[in-house]
Amino acid sequence: MEMCRGAGVLCHISSLPGKYGIGSFGKEAYRFAKTLKKCGVRYWQVLPLVQTGYGDSPYSSVSCSSGNPYFIDLDQLAKEGLLTQAELSAARHEPGAVTYGSLYNERFVTLRKAFSRFNFDGADFRAFVKSGVAEDYAMFMTAKRVYGENFLYWEEPLKYRDPEALEKLRTDFHEEYLFWQFLQFQFRRQWKALKEYCNRLGIRIIGDIPLYVAADSADVWAHPELFKLDRELRPTKVAGVPPDYFSETGQLWGNPIYDWEAHEKEDYAWWTHRLNDALATYDIVRIDHFRGIDRYYEIPAFSETAVRGEWQDGPKEKLFAHVAGKDRIIAEDLGIMDEGVEKLRESLGFPGMKVLLFAFDGNEDNEFLPKNIGAESVCYTGTHDNDTVAGYVKTLSTEEFLLFRSRVAKVLQEENIFVRLKEAPEDFADAFCRMALASRAKLAVLPVQDILGLDNEARMNYPGTNEGNWQFRLEKLPAGAPMRRLRRWIKKYRRL
């Protein structure tokens, strides 16, 4: 990747503060970008911006090409005359964690009011609909609204996308269809404006795409031939990871497995479009679960655990043959890795990820230790799937804490980083931020939680659980001493 030595901050849009229950593309996002600029930050990393599905996870969406309607700035809609001040007041939430249940029940009501006043005969909107960018999404969501349930239980003509059934759905429920087009139109327009603002400040956006899609999604409904499904369109194989140190039965994710032979027959057109769209949406793209492109673990559908799965060969380099901008891709190469994954990543020239929280097991050859991190990588203190640094320290017993502190202190000394580690968890957060910034990695990315020294109350996700995740929000925009320290560190370690 052609990138200069720089610093990044990981903060999802949903985690920004604001009046309406979840972060958005509103003024707080612009102010956050301005704060990053003042601190000398070059990169802002976000999680997938898709409309979330079951479990509220941005890694499980109704459509991999969708945008989350919750991120649409309501104040901007009001400026355009689409919402009243009374409606804005009714949409307000108390500060605090995201409450997805309330948002689901309330936000779409508000957005429908905006849509009722929208001129959908405008040239820009008509061109957007005609482009087909949101066609599968709009049809899928219209059918969901009308018929409910999983698409597997829709009447067969619609389930199997009979052309007459699709045209009847679009005609009979045309206003509903236009509503879902409206949401994507507004989302893309507002995101484009925010990204352009960040780029003018010299900040590049790092986006994220999951490897797999959800079973009940517009992606599977519109392209069943590209997945391993039976005649009823039910998955025959599903994704997950095998048993390991962390789980005796592995992880059963349940996403349908791609039929890579079918993808190859169409010269990977669906994936090429998806990756090129992501590279147009963001400046840099992180591919989640990159190892599944080399070899993937498939499990028989309806299994209760991941024990009975098998490894299969993925598409490897062929997947990227027609992708423009391959020098702007980061590979998430964490977890169970082998020589094949590393060879694939290196042959494609993608930088991998190094996570400092994984470094202190006492093994001097640990690839995540700062001394073992090369320039062509991205160094993180932790990720959205980990404890925060301060949170991890709080989980340790007295004996574990003393051992961990001694190992961290040794590395700090080796790297000439002068931090006095006492017992305060936030001291360790500062130390890890400095280790990441001091590393040889061209890009160092710090979760905003670690910059602020927050504990696991601010953790984003606990993998393998379906409740209580993705809810973290900042009470206010970062300011004061933590951000002044961040700028000093960025300057000291030559990342301005």
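Okay, ground rules first. What you have on screen is a predicted model, so local features need pLDDT of at least 70, side-chain atom pairs count only at pLDDT 80 or more, and totals for chains, interfaces and linings use all residues. Residues are numbered from 1 along each chain as its sequence is written, and side-chain values use heavy atoms, with hydrogens and water left out.

Let's start with the overall fold. The protein has 19 helices and twelve strands. Along its principal axes, the C-alpha trace spans about 70 × 55 × 40 Å.

What share of the 496 residues is buried? Buried residues make up 56% of them. By buried I mean under 20% relative accessible area; exposed is over 50%, and partly exposed is in between, with a 1.4 Å probe and protein chains only.

Now contacts, meaning heavy atoms within 4.5 Å. If you take the contacts with a separation of 6 or more, 74% of them are between residues 24 or more positions apart. As for the surface, the protein exposes about 22200 Å², and carbon and sulfur atoms supply 49% of that. The areas come from the Shrake-Rupley method with a 1.4 Å probe, and for residues only the protein chains shown count as cover.

On to charges. There are 66 positive and 72 negative ones, and their mean positions are 9 Å apart. Lys and Arg count as positive, Asp and Glu as negative, while His and the chain ends are not counted. Each charge is placed at NZ of Lys, CZ of Arg, CG of Asp or CD of Glu.

Side chains of opposite charge can pair when their charged atoms come close. How many salt bridges does a search of the whole structure find? It finds 32, where a salt bridge is a side-chain nitrogen of Lys or Arg within 4 Å of a carboxyl oxygen of Asp or Glu.

In the E135 and R170 pair, the closest N and O atoms are 2.7 Å apart. This one links distant parts of the chain: E135 is in helix α6 (residues 135-147), R170 is in helix α8 (residues 163-172), and they sit 35 residues apart. E135 is buried at 17% relative accessibility, and R170 is partly exposed at 21%. Leaving out residues up to four places away in sequence, E135 touches R170, Y177 and Q181.

Next, D294 and K316, with N to O at 2.8 Å. D294 is in helix α13 (residues 291-294) and K316 is in the loop between β8 (310-313) and β9 (329-331), so the pair ties together parts that are 22 residues apart in sequence. D294 is buried, with a relative accessible area of 5%, whereas K316 is partly exposed at 25%.

Third, D430 and R485, N to O at 3.8 Å. Here helix α17 (residues 425-438) holds D430 and helix α19 (residues 481-492) holds R485, so parts 55 residues apart in sequence are tied together. D430 is buried at 17%; R485, at 23%, counts as partly exposed. There's also a network: E364, K371, K410 and E414 are joined by salt bridges that share partners.

Finally, some single residues. Outside four places in sequence, Q186 touches I72, L77, E80, L82 and F118.

V448 is in helix α18 (residues 448-451) and is buried too, at 2%. Beyond its neighbours within four places, V448 is in contact with V9, L10, C11, F472, L474 and P478. V448 and V378 are 70 residues apart in sequence and 16 Å apart in space, C-alpha to C-alpha.

Last one: E266, in the loop between α11 (260-265) and α12 (269-281). E266 is partly exposed at 31%. From E266 to C198 is 68 residues in sequence and 37 Å in space, C-alpha to C-alpha.

Notes. Helix = DSSP H or I, 4+ residues; strand = E, 2+ residues; numbered from the N terminus.
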